[in-house]
Amino acid sequence: MKISKRSQYGLRAMIYLANSKKEISSLREISEKENISFSYLEKIFSRLEKAGLVNSKKGAQGGYSLAGESGEIDVGRILKALDEKILLVDCVRGDCPREGVCQSATVWKKLQDAIENTINSITLEDLIK
């Protein structure tokens, strides 16, 4: 399993917003401070906004802010908003042709659950402390 650059950059950008003392941060500022391509960041923030994780303000003084408290936004929501499929093996989806006879399925299911529980339990607030 490998986390995409989009998710890595999206999480970094969300942490930046959570750390920011400003009400609004511009994409240009986030791009420069986090060394992320501006055009790539635009695509990432489009997804984050559609998922209700950030608010945008248009115009010359525009930019983005968190759409909630940093303690309410967990890593799992961010990764899911960026279409990250945290899937170790296909069989954990429940459509395995060997379901019921596969002796290794228990391992994959426990690992999958552990990953999901972990990312869903870590908030932006946890990361900025």
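**Starting inside**

Author: Not counting residues up to four places away in sequence, Met14 touches Leu48, Leu53, Val54, Leu66, Ile73, Ile78 and Leu124, where contact means heavy atoms within 4.5 Å. Before going on: this is a predicted model, so local features need pLDDT of at least 70 and side-chain atom pairs count only at pLDDT 80 or more, while totals for chains, interfaces and linings use all residues. Residues are numbered from 1 along each chain as its sequence is written, and side-chain values use heavy atoms, with hydrogens and water left out.

Reader: Good. Which residues have the most contacts inside the largest nonpolar core?

Author: Met14, Leu17, Leu41, Phe45, Leu48 and Ile78, in a core of 22 residues. Which elements give two or more residues to this core? They are H1, H2, H3, S2 and helix H4 (75-81). H1 supplies the largest share, 6 residues. A nonpolar core here is a set of buried Ala, Val, Leu, Ile, Met, Phe, Trp, Tyr and Cys residues joined through side-chain atoms within 4.5 Å. Buried means under 20% relative accessible area, exposed over 50%, and partly exposed in between (1.4 Å probe, protein chains only).

Reader: Ok, zoom out. How many helices and strands in the chain?

Author: There are 6 helices and 2 strands, and along the sequence they follow the pattern α-α-α-β-β-α-α-α. Those are DSSP runs numbered from the N terminus: helices are H or I with at least four residues, strands are E with at least two. The C-alpha trace spans about 60 × 30 × 25 Å along its principal axes.

Reader: And what share of the chain is buried?

Author: Buried residues are 34% of the 129. For contacts with a separation of 6 or more, 66% come from residues 24 or more positions apart. The chain exposes about 8100 Å², with carbon and sulfur atoms supplying 48% of it; accessible areas come from the Shrake-Rupley method with a 1.4 Å probe, and for residues only the protein chains shown count as cover.

Reader: Back to H2. What do its buried residues pack against?

Author: Helix H1 (5-19), helix H3 (38-50) and strand S2 (63-66). The buried residues of H2, which covers residues 27-34, are Leu27, Glu29, Ile30, Ser31 and Glu34. Just after H2, Asn35 takes a positive phi of about 55°.

Reader: What about Ser20, is it buried or exposed?

Author: Ser20 counts as buried, because its relative accessibility is 19%. It is found in the loop between H1 and H2. Its side chain makes a polar contact with the side chain of Ser25 at 3.2 Å. A polar contact is a pair of N or O atoms within 3.5 Å; within protein, one must be able to donate a hydrogen and the other to accept it, and residues adjacent in sequence count only if both atoms are side-chain atoms.

Reader: Last topic, the surface. Which residues make the nonpolar patch?

Author: Val107, Trp108 and Leu111 make a nonpolar surface patch of about 250 Å². Patches are made of residues with over 30% relative accessible area and no salt bridge, joining like charges within 9 Å and nonpolar side chains (Val, Leu, Ile, Met, Phe, Trp, Tyr) within 5 Å. Val107 is in helix H5 and is partly exposed, with a relative accessible area of 46%.

Conventions. A salt bridge is a side-chain nitrogen of Lys or Arg within 4 Å of a carboxyl oxygen of Asp or Glu.
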